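The chain and its model are shown below.

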Amino acid sequence: MPNRTYNVLFLCTGNSARSILAEALMNKLGEGRFHAYSAGSHPKGEVHPMAIALLNRMNFDTSFARSKGWEEFATAEAPQMDFVFTVCDDAAGETCPVWPGQPMTAHWGIPDPASIEGTDTEVSLAFSEAFRMLNSRIAAFTALPLDSIDRLSLQKRLTDIGSKHEAAS
């Protein structure tokens, strides 16, 4: 199915920073081949202002950005996910809902820029680093030949993207 659009869900605990950045990046880098969403196990209810500021500086449309719970995507009415990625260690360790359609999953842990305490410059740098790491992983993912790779090989590559890019970061 070469013209298929894949749905991707990025999960984090608060859905205020990393998963929001990942959603924006996937929708841009995926160029219509992927449609990204984000959610949290315990959503903060608002997107971190530094995440919005960074996306604005990078010329991303931020009108999509809202902090929401993952249960929104675990219903029969929700878009069926093809891929679900956790981007924080807390969400990776939690019991996730059963996703309709049995999407492929992987953990792509990224340090939480929202947890950094320091000057505005230090916090901004942490957000930039999270953005850089996510950009690298999402670029590697979107380059995969999804239409011609078997499920087992694809699962290994998804896992490798998270672990290899952690070591390189």
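This is a predicted model: local features need pLDDT of at least 70, side-chain atom pairs count only at pLDDT 80 or more; totals for chains, interfaces and linings use all residues.

Histidine 107 belongs to strand S4, which covers residues 104-107.

Along the sequence, 51 residues separate histidine 107 from leucine 158. In space, their C-alpha atoms are 8.4 Å apart.

## Overall architecture

The secondary structure of the protein chain consists of 5 helices and 4 strands. Their order along the sequence is β-α-β-α-β-α-β-α-α.

The protein chain has 169 residues, of which 48% are buried. When contacts between residues at least 6 apart in sequence are considered, 72% of them join residues at least 24 apart.

## Aromatic pairs

The structure contains 12 aromatic pairs. One of them is formed by phenylalanine 85 and phenylalanine 141, whose ring centres are 5.2 Å apart and whose planes make an angle of 80°. The pair counts as edge-to-face, because the angle between the planes is over 60 degrees. Phenylalanine 85 is in strand S3 (residues 83-86) and phenylalanine 141 is in helix H4 (residues 120-142), so the pair links parts of the chain 56 residues apart.

Is phenylalanine 85 buried or exposed? Phenylalanine 85 is buried, at a relative accessible area of 0%, and phenylalanine 141 is likewise buried, with a value of 0%. Ring pairs also join these two residues with Tyr6, Phe10, Phe34, Phe83 and Trp108 in a cluster.

A charge over a ring is found at phenylalanine 60, where the charged end of lysine 28 lies 4.4 Å from the ring centre.

Among the 12 residues of its lining, Thr13, Gly14, Arg18, Lys44 and Asp112 are the closest to its centre. The lining of this second largest pocket divides into 3 nonpolar, 5 polar and 4 charged residues.

## Residues with positive phi

Most residues other than glycine have a negative phi. Asparagine 15 is located in the loop between strand S1 (6-12) and helix H1 (18-29). This residue is buried, with a relative accessible area of 0%.

Glutamate 31 also has a positive phi, near 45°. The residue is placed in the loop between H1 and strand S2 (34-40). Glutamate 31 counts as exposed because its relative accessibility is 70%, while the limit for this class is over 50%.

## The loop between H2 and S3

Aspartate 61 is in the loop between helix H2 (49-57) and S3, and threonine 62 is in the loop between H2 and S3 as well. Aspartate 61 is exposed, with a relative accessible area of 56%. Threonine 62, at 19% relative accessibility, counts as buried, because the limit for that class is under 20%.

Aspartate 61 is 37 residues from alanine 24 in sequence and 8.1 Å from it in space, C-alpha to C-alpha. For threonine 62 and alanine 24, the separation along the chain is 38 residues, and their C-alpha atoms are 7.9 Å apart.

Which residues does threonine 62 contact, leaving aside its neighbours within four places in sequence? Threonine 62 is in contact with Ile52, Leu55 and Asn56.

How values were computed
Residues are numbered from 1 along each chain as its sequence is written. Side-chain values use heavy atoms; hydrogens and water are left out. Rings of Phe, Tyr and Trp (its six-membered ring) pair if their centres lie within 6.5 Å; planes under 30 degrees apart count as stacked, over 60 as edge-to-face and the rest as tilted. Helices (H or I, at least four residues) and strands (E, at least two) are DSSP runs, numbered from the N terminus. Buried means under 20% relative accessible area, exposed over 50%, partly exposed in between (1.4 Å probe, protein chains only). A charge sits over a ring if NZ of Lys or CZ of Arg is within 6 Å of the ring centre and within 35 degrees of the ring normal. On a 1 Å grid over the protein atoms alone, a cavity is a set of points where a 1.4 Å probe fits but cannot get out, and a pocket is an open set with protein on both sides within 12 Å along at least five of seven lines; lining residues have an atom within 4 Å of a point. Ala, Val, Leu, Ile, Met, Phe, Trp, Tyr, Cys and Pro count as nonpolar, Asp, Glu, Lys and Arg as charged, and the others, Gly among them, as polar. Contact means heavy atoms within 4.5 Å.
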